[in-house]
Amino acid sequence: DSVNTRSLSFLHVELDPEAFLERYEKVPGPLKKGSKEYVLSCAYLAQGYAATGEFDRAMDVLCSDYSGKKGEDQALKGLYYYSFASYALSGGHLEEAQKAMEGLKEVVEDSRKQNPKLSQNMKECLVLCQNRLACLKGEQADSQWLKGQLKNVPFALRRLEVLETLARQALADGRKKDGLKWLDQMEKQSGKTCYGERARELKKEC
């Protein structure tokens, strides 16, 4: 737990994925395969790779074993499918993302009665993925919903995903000024993650 707390601060607070990976890459290895600790450490490691732009590697690192002592662990299952969908979207693997989103939708439905808080959290993750997918497919994303997310988004990395989607949608709609505004925010808030470069690349297309 102490290693997680110290290391994850590099990723989520300082937005320095290289510093995080330097400390964390060896963490999952010694842990018992199939344990909750192992599954979570793989998920954290995947976050680090994704933040550097290695989305395929992040997808490969994720552990799909989300079984618990009393059957499927819905929280781990939701984390797996959301993470996989998110990295697949960022890496341009839209069909794989769509399949993962089906798994995420199952978690939303299956946990609605037993764990409504988890269900609601996973629903927000699902809606974000749906909006990102729509935007990447040239369909209309819900910009108002995305703007609302910026006020309450719990993680800096997710905020960057939202900003990128808002920028892409604005540019697709011909709203260049709005698109550049979102890209400026994205670049300024990117830290040492890949999102700064992604913002600069999108600006070149304006």
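1. E161 lies in helix 9 (residues 156-172); helices here are DSSP runs of H or I with at least four residues, numbered from the N terminus. The model is predicted, so local features need pLDDT of at least 70 and side-chain atom pairs count only at pLDDT 80 or more, while totals for chains, interfaces and linings use all residues. Residues are numbered from 1 along each chain as its sequence is written, and side-chain values use heavy atoms, with hydrogens and water left out.

2. E161 has a relative accessible area of 8% and is therefore buried (under 20% relative accessible area, 1.4 Å probe, protein chains only).

3. The E161 side chain makes polar contacts with the side chains of Y82, at 3.4 Å, and S86, at 2.6 Å. A polar contact is a pair of N or O atoms within 3.5 Å; within protein, one must be able to donate a hydrogen and the other to accept it, and residues adjacent in sequence count only if both atoms are side-chain atoms.

4. Beyond its neighbours within four places in sequence, E161 is in contact with Y82, S86, L128, R132 and Y195 (heavy atoms within 4.5 Å).

5. Helix 5 (residues 74-90) and helix 7 (residues 116-136) have axes that come within 10 Å and cross at roughly 15°. Axes are lines fitted to C-alpha atoms, for helices over the stretch in contact, with angles from 0 to 180 degrees between N-to-C directions. The two helices are therefore roughly parallel (angles under 35 degrees).

6. Residues making the contact include Y82 and S86 of helix 5, and L128 and R132 of helix 7.

Key
Buried means under 20% relative accessible area, exposed over 50%, partly exposed in between (1.4 Å probe, protein chains only). Angles under 35 degrees count as roughly parallel, over 145 as roughly antiparallel, 65 to 115 as roughly perpendicular and the rest as oblique.
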